[in-house]
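Subject: Structure for you to look at

Hello,

Please find the structure below. My notes on the chain as a whole and on some helix pairs follow it.

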Amino acid sequence: VERDEMTANVQFTAGTNNLQVERFLLHLEQTLDETDEAMGGGNVKTALMKLRSASFSRTSQGSTSGEEFGSLEIELFPGDDRKHSTADFNREWRKRINMPAGIEKFVISVSKTGPPGKPIEVNLSGTDINKIKQASLELQDLLKGYVGLNNIDDDLPFGKSQLIYELTPAGKSAGLTLDSLGRQLRAAFDGLEVQNFYQNRDEVEVRIMLPDSERDRLSVIEQLPVVLPDGGTTPLSNVVSFRAKQGLDTLTRVDGQLSIKVSADLNESVGNADEIIADLKSGKLERILSDYGVSASFEGRNKSQRETLSDMKMGLMLALTLIFIILAWVFASYSWPIAVMLAIPLGLTGAIFGHGLLGMNLTILSLFGFFGLSGIVINDSIVLVTFYKQLRQKGLAVKEAIVEAACQRLRAVLLTSLTTIAGLTPILFETSLQAQFLIPMATAIVFGLAYGTVLILLFVPATLTVIESARSNIGLKEIQYT
């Protein structure tokens, strides 16, 4: 169920002037108004522009700040008062946005209720962060080829440009190490603490460092004097070589291994997450993993779904076992409960048919409805079999008892089902967004019970006939009624 908030976050390349970020945010605000007007108005309630900050929900850092960041927070009118959904409005807005050069990351996130995480989340892990990052970029390119995916990104974006220094052969022959050289660079640019003293109640820290006029100039680095192990000095450029490289913001470890999480949002009206994941597992993802020597696991909603379905399988076996034990105890028979429980798949067939008729997808709550339906749909069978048992106790033959039970209990079976169906039907026509997540559950119960009831009146008597005939053919002694 969609909420009424959207957030557009943008990150330009490091060093971008904040005026450029502001111009893009103004463009977003202008296209937002144009989209609202083109869709009939009454969609956008407020829009708040924020400079120097953005909240990338997929990143491990959460909220980030800097000159290159900006965000536009949009509040829409309540969904009940709008003609268009948040997702539809988002798609139309994206069509009007012109992306300028220099953007590293642009995300329009739409708040939704439901399980945490994204529909597509792949956790890449390994020992070399550069190889993991390259695998992440290649996986992102692969995901861009699937219809319906957007906001494709990972949780380890490139940061500001860095200077990577390495010792030259002359530096190594002079006895320098990267560790000792790093301490000298830190002392020059970050300062070296030489004294602490108190002045009244204030603690004063004395540090020796290069003056600001030299620390802010890149050319100073090359001429910085470096102390050699033998006590002599030499310019830094003689013993070190530099290369520029974009750095990574924050390293994340999962179970002791470096990891990057690649995620994407999904437009469920044109794409299916399970189909995309199945296609990735067919060999496309394995090729990327083998090229870079990393491992992968699917997280997010897919992981929640796998865990939930696993728990449901165990719960289903337990529920069916308990139902059989109770029915066998009540009927004093091990075969009659089979006739009653065969109504369960009939009801599930009707539930699936109902989802297709209403154009709905099967959801986790639909499966919860299946569980409830399994307990409700056998009520009609119990009513029928119980009356059949009473007739057999009176001495009627099998065929006559079954026919009489079906005829006499027709009204009771119909009333048992119709009252339940009538109580749940109003939920199917509920238009409130707050009630949308209940509709799949109600659909499963209503259609499953309606379809199952009709078949129960035909299927259960036929099943009882088969069971009783089989007992007679194999020579089992009939139940003695007293």
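The protein chain has 16 helices and 15 strands; helices (H or I, at least four residues) and strands (E, at least two) are DSSP runs, numbered from the N terminus. This is a predicted model, in which local features need pLDDT of at least 70 and side-chain atom pairs count only at pLDDT 80 or more, while totals for chains, interfaces and linings use all residues. Residues are numbered from 1 along each chain as its sequence is written, and side-chain values use heavy atoms, with hydrogens and water left out.

Confidence
The average pLDDT (the predictor's confidence in each residue, from 0 to 100) of the protein chain is 83, and 94% of the residues score at least 70. Over residues 477-482 pLDDT stays under 50, and the model has 10 contacts beyond four places in sequence for them. Contact means heavy atoms within 4.5 Å. Where pLDDT is low, the predicted coordinates should not be read in detail.

Overall dimensions
The C-alpha trace of the protein chain spans about 115 × 55 × 55 Å along its principal axes. Its radius of gyration is 35 Å, whereas a compact globule of 482 residues would have one near 23 Å. The radius is taken over C-alpha atoms, and the globule rule is 2.2 Å times the number of residues to the power 0.38.

Helix pairs
Two packed helices are described by the angle between their axes and the distance between the axes. Axes are lines fitted to C-alpha atoms, for helices over the stretch in contact, and angles run from 0 to 180 degrees between N-to-C directions. Angles under 35 degrees count as roughly parallel, over 145 as roughly antiparallel, 65 to 115 as roughly perpendicular and the rest as oblique.

- Helix α14 (residues 398-408) packs on helix α16 (residues 439-473) at about 165°, with the axes 10 Å apart. α14 is therefore roughly antiparallel to α16. In α14, Val398, Ile402 and Ala406 meet Pro461, Leu464, Thr465 and Glu468 of α16. This contact has five nonpolar residues, one polar and one charged. Ala, Val, Leu, Ile, Met, Phe, Trp, Tyr, Cys and Pro count as nonpolar, Asp, Glu, Lys and Arg as charged, and the others, Gly among them, as polar.
- Helix α1 (residues 18-38) and helix α2 (residues 86-96) cross at roughly 125°, and their axes come within 9 Å. α1 is therefore oblique to α2. The contact of α1 with α2 has five nonpolar, three polar and four charged residues.
- Helix α10 (residues 301-331) and helix α13 (residues 364-393) pack at about 10°, with axes 12 Å apart. α10 is therefore roughly parallel to α13.

Regards
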